[in-house]
Amino acid sequence: DKFTQVTHAMPMLSLDNVFDEAELTAFNQRVLDRLNTDDVITYAAEPKLDGLAISIRYENGLLLQAATRGDGAVGEDVTENVRTIRNVPLKLHGKNIPQVVEIRGEIYMPKAGFEKLNQQRLANNEKLFVNPRNAAAGSLRQLDSSVTASRPLALFCYGLGELQGMERPSSHTEAMQIISEWGGAVSPDTQQLKGVDECLEYLHRLGERRASLSYEIDGVVFKVDDSRLQERLGFVSRAPRWAIAYKFPAQEESTQVVDIEVQVGRTGALTPVARLQPVFVGGVTVSNATLHNEDEVRRKDVRT
C-alpha cells in the first residue's frame, strides 16, 4: 500500500536561503532595486520550523484534504493522518469562511514529545529517531492513521494557497490574523518588521531564544508583507522573489560515549546504539544516539 498522489492547485514553492547578515542585507537591496524604490520595506518574520510542509484544503469550512509538499507540484494525500493532529481544526470557525481555502503550514514534533517518544522506543527496543524533523516525517507518513494519532504532532500555519469566494488578504500579516481567527495555530513569534535593520534585530533575539523554544527551528523566514508588492516581485524558477529563509548554523556539542549496546529489532536486524554522557543540544538532552550499523561505527571510529 502507498499514499495517493495529489496535484497542488497552487504549487508549494521552496525558498532561497541566506546564511549571514550580509546576504540578508543583499536580499533586501534586491527587493528595493526590483521595486525601483528607496522606501523602507515592511517584512513579516516567523521562525523557520524544522518539520514537514503541508497544505490543508477546506471547502465550506470543512477539512476536505491534506497533502504533503512532495516536489512542490505533486504531494501525497495524508488526510486521515492530519485529521488526528490535535491542533488542526477539522472545521474553520467564525464568519466569512471562503468556499475553498488551502491553509499551508508546517507539521512538527515539539522537543518534549520527541524526547518522550524516543524513551518509549528505547524501552521497546525500537529504532530511535535521529531528530524531531525525522520523527515528524516518519509519524505523518504512516499508512495506519492510529500510529500518527499516538504521536505528539502539531501544526503551525504560515500561509494561504488556493482561495475561492474571498478576496486575498492585503498582507501576509492580515492573512495570519485571519487564519488565527478561523482556528489555525500561528506561531506567537510571527512579527511585522520595518526594514532590514529590524529584521536583523529579530534574528538576534530569536537566535538567543532558540534553545529555550519548545520546538526545533533551523532559521527565520522573512516575507515582503504587502501582497501587491509580492505580486510585482513575482517568482524565479521554484522560489518567490519576495521571501527568503535565513538559515542558522547547525548546533553542535561534544560529549563522551559511555557504552555501545546492540539492539535486536523485530526482523532480527542488529542496530548499535551509543549511550552518551547526557548533553544538552538544540533544546533537547541527548543521552542515546543510533550508530546505524557496524560499518558506520568503524567508519566514524566510535569507541567507549
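Visitor: How many cavities of 30 Å³ or more does a search of the whole structure find?

Guide: The search finds one cavity of 30 Å³ or more. This is a predicted model, in which local features need pLDDT of at least 70 and side-chain atom pairs count only at pLDDT 80 or more, while totals for chains, interfaces and linings use all residues. Residues are numbered from 1 along each chain as its sequence is written, and side-chain values use heavy atoms, with hydrogens and water left out.

Visitor: What makes a set of points a cavity, and what makes it a pocket?

Guide: On a 1 Å grid over the protein atoms alone, a cavity is a set of points where a 1.4 Å probe fits but cannot get out, whereas a pocket is an open set with protein on both sides within 12 Å along at least five of seven lines. Lining residues have an atom within 4 Å of a point. Points are joined across faces, edges and corners, and the volume is the space filled by probe spheres set on them. The largest cavity holds about 30 Å³.

Visitor: Which residues line the largest cavity, and how do they divide by class?

Guide: Its lining consists of Ile56, Tyr58, Pro89, Ile103, Leu155, Cys157 and Gly184. Six are nonpolar, one is polar and none is charged.

Visitor: What is the volume of the largest pocket, and which element gives the most to its lining?

Guide: The largest pocket has a volume of about 1300 Å³. Of its 46 lining residues, the closest to the centre are Leu13, Leu15, Arg104, Tyr158 and Lys223. β8 gives the most to the lining, with five residues. By class, the lining has 20 nonpolar, 13 polar and 13 charged residues.

Visitor: Why is Asp218 called buried?

Guide: Buried means under 20% relative accessible area, exposed over 50%, and partly exposed in between, with a 1.4 Å probe and protein chains only. Asp218 has 14%, and is therefore buried. Asp218 lies in strand β10. Leaving aside neighbours within four places in sequence, its contacts (heavy atoms within 4.5 Å) include Lys48, Arg210 and Tyr246.

Visitor: Why does Val221 count as buried?

Guide: Val221 has a relative accessible area of 7%, so this residue is buried. Val221 also belongs to β10. Residues up to four places away not counted, Val221 touches Leu15, Ala44, Ala45, Glu46, Lys48, Ile244 and Ala245.

Visitor: Which residues of α6 are buried?

Guide: They are His172, Thr173, Ala175, Met176, Ile178, Ile179 and Trp182. The buried residues of α6 pack against β3, β7, β8, β9, β10 and α8.

Visitor: How do you know that the radius of gyration agrees with a compact globule?

Guide: The radius is taken over C-alpha atoms, and the globule rule is 2.2 Å times the number of residues to the power 0.38. For 304 residues a compact globule would have a value near 19 Å; the protein has 21 Å, which agrees. Buried residues make up 47% of the 304.

Notes: Helices (H or I, at least four residues) and strands (E, at least two) are DSSP runs, numbered from the N terminus. Ala, Val, Leu, Ile, Met, Phe, Trp, Tyr, Cys and Pro count as nonpolar, Asp, Glu, Lys and Arg as charged, and the others, Gly among them, as polar.
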